[in-house]
Amino acid sequence: MRVASSTLQNTPSRFVKAARALCGIGLPILAGLIAGSAAEAQTFASLPTASSAIVAGADARPIAAWTEFCQSYAAECAVSPAEAAVITLSPAVWNTIVSVNRKVNKSLRAITDLDHWGSADRWDLAEDGAGDCEDFQLVKRRMLAEAGLSRRAMRMTVVIDEKGEGHAVLTLITDRGDIILDNKTSSVLPWRQTGYTFIKRESQAGIGWVSLGRAASPVTTANR
């Protein structure tokens with residue numbers, strides 16, 4: 001995972017090196033842990049009164065590992081038009097989101113798919129307590145859905161991170177704008193404050209993906 005662009009498909013040595021790297025773990029996660037107290041202090045009042053939403057575009061090609069994941073966990077990829085398309089944020093809902101994001105980030109052990117499964121990219125629900133970036137986000141979504149939040153309003157999203165590499169985050173589409181849950185930090189941020197380039201995310205209209213920008217899509221998401 002963690003491949004910067006499709007040009008790496010034909011460069012095996014660089015691909016393996018990238019696949020062994022830490023999808024945002026290391027210094028970014030260390031910084032996130034050091035800043036844990038600040039994240040815990042996040043309040044509902046700290047959110048902007050209103051923020052912008054990411055504009056979804058045309059259909060996009062799904063990440064291959066997501067397609068495989070959906071074959072094993074169909075309910076995790078299903079989209080129900082009966083569910084709300086937007087989460088209404090209240091102090092209680094906000095506290096649940098912040099708590100789940102922090103809890104999962106602290107409880108799961110970060111490991112690359114290559115080290116974990118011997119595969120460059122595999123999406124999973126971290127049943128053994130370990131996973132990489134997309135696994136963190138999938139666990140968060142399941143927990144938030146169990147807490148009553150609309151799954152349709154929580155979309156897995158592919159971005160290019162600060163290192164120019166593929167990364168997976170969870171976008172929550174809310175009445176106060178799109179906010180991002182990330183394993184690199186326990187702070188829940190409006191999407192514009194992440195510094196990421198947003199590429200594509202799961203569609204709200206059906207099983208599939210939609211584009212979010214013009215940047216080249218990574219071959220995979222990220223590693224850990």
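**Exercise 1.** Which exposed residues are carried by the face of α4 turned away from its buried side?

*Solution.* The structure is a predicted model, in which local features need pLDDT of at least 70 and side-chain atom pairs count only at pLDDT 80 or more, while totals for chains, interfaces and linings use all residues. Residues are numbered from 1 along each chain as its sequence is written, and side-chain values use heavy atoms, with hydrogens and water left out.

Begin with the buried residues (under 20% relative accessible area, where exposed means over 50% and partly exposed lies in between, with a 1.4 Å probe and protein chains only). In helix α4, residues 64-72, these are A65, W66, F69 and C70. They cover an arc of only 140° around the axis, and therefore lie on the same side of α4. The face turned away from that buried side carries the exposed residues A64, E68 and Q71.

**Exercise 2.** State which elements the buried residues of α4 pack against.

*Solution.* Taking contact as heavy atoms within 4.5 Å, one finds that the buried residues of α4 pack against α5 (74-77), α8, β8 (197-202) and β9 (209-211).

**Exercise 3.** Describe how α6 and α8 cross.

*Solution.* The axes of α6 (residues 91-107) and α8 (residues 133-146) come within 10 Å and cross at roughly 140°. That angle makes α6 oblique to α8, because angles under 35 degrees count as roughly parallel, over 145 as roughly antiparallel, 65 to 115 as roughly perpendicular and the rest as oblique. Among the residues that meet are T96 and I97 in α6, and F136 and V139 in α8.

Methods
Axes fitted to C-alpha atoms, helices over the stretch in contact; angles between N-to-C directions. Helix = DSSP H or I, 4+ residues; strand = E, 2+ residues; numbered from the N terminus. Arc of directions from axis to C-beta.
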